Amino acid sequence: MIIGRDAPVTGAFDTHHVPYERPTLEPPYRVLLLGAANDGWYQAADAGQRERLLERLEAWFARWPERGARLLVSFDDDLFVVGQPASLTYSLYIVYEVDDLAVVTKTLDELREEVDGIRLDSAFRMEARVGRQLFLLTS
């Protein structure tokens with residue numbers, strides 16, 4: 001099915017018309033945070049080092065809501081994947097809603113900061129994608 005820019009959505013699955021809304025860059029923004037552990041995690045010297053990394057990562061995730069990000073959903077793809085992800089390159093998927101994109105850039109940048117001898121970007125890779133709610137799936 002092809003959806004025209006100004007045409008309503010139609011099809012066998014459709015019980016009503018959903019008008020297409022042109023994308024705009026205005027809040028709230030949907031932020032898809034993609035994450036994966038890398039060599040720094042898998043080759044950590046010992047359980048103590050992994051524990052310190054997890055403590056830092058937990059604190060990092062806690063800063064998102066402190067800065068106004070609203071967690072919508074999280075997904076850890078570790079049930080059928082072991083080791084570094086290769087087919088999709090990420091195994092962590094988190095969706096936040098934010099009103100200010102500076103929350104994203106500031107919080108991602110903190111992965112590069114060394115705290116107590118630990119840089120999170122040495123053990124985890126994160127990437128953010130910004131979009132909007134899919135117009136076909138509104139609540």
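The protein exposes about 9400 Å² of accessible surface, and 55% of that belongs to carbon and sulfur atoms. Accessible areas come from the Shrake-Rupley method with a 1.4 Å probe; for residues, only the protein chains shown count as cover. This is a predicted model, in which local features need pLDDT of at least 70, side-chain atom pairs count only at pLDDT 80 or more, and totals for chains, interfaces and linings use all residues. Residues are numbered from 1 along each chain as its sequence is written, and side-chain values use heavy atoms, with hydrogens and water left out.

Of the 139 residues, 29% count as buried. Buried means under 20% relative accessible area, exposed over 50%, and partly exposed in between (1.4 Å probe, protein chains only). Contacts are heavy atoms within 4.5 Å. Among contacts with a separation of 6 or more, 75% join residues 24 or more positions apart.

Three helices and six strands make up the secondary structure. Their order along the sequence is β-α-α-β-β-α-β-β-β. Helices (H or I, at least four residues) and strands (E, at least two) are DSSP runs, numbered from the N terminus.

Start with helix 2, residues 47–66. Its 20 residues reach 29 Å from first C-alpha to last, close to the 28 Å expected at 1.5 Å a residue. That expected span is 1.5 Å times one less than the number of residues. The buried residues of helix 2 are Leu-53, Arg-56, Leu-57, Trp-60, Arg-63 and Trp-64. Seen down the axis, they fall within an arc of 110 degrees, so they line one face of the helix. The arc is that of the directions from the helix axis to the C-beta atoms. An α-helix has 3.6 residues a turn, so residues three or four places apart point the same way. On the other side of helix 2, Ala-47, Glu-58 and Glu-66 are exposed.

Now the ends. Asp-46 caps the N-terminal end of helix 2, with a side-chain oxygen 3.0 Å from the backbone nitrogen of Gly-48. Just after the helix, Gly-68 takes a positive phi of about 100 degrees.

Turn to strand 3, residues 92–98. Seven of its seven residues are buried. Leu-92, Ile-94, Tyr-96 and Val-98 lie on one side, with Tyr-93, Val-95 and Glu-97 on the other.

Strand 3 has antiparallel partners. Strands pair if DSSP finds at least two bridges between them. Seven bridges join strand 3 to strand 1 (residues 29–37). Here Leu-34 stands opposite Tyr-93. Six bridges join strand 3 to strand 2 (residues 70–76). There Val-73 stands opposite Val-95.

Definitions and conventions:
A polar contact is a pair of N or O atoms within 3.5 Å; within protein, one must be able to donate a hydrogen and the other to accept it, and residues adjacent in sequence count only if both atoms are side-chain atoms.
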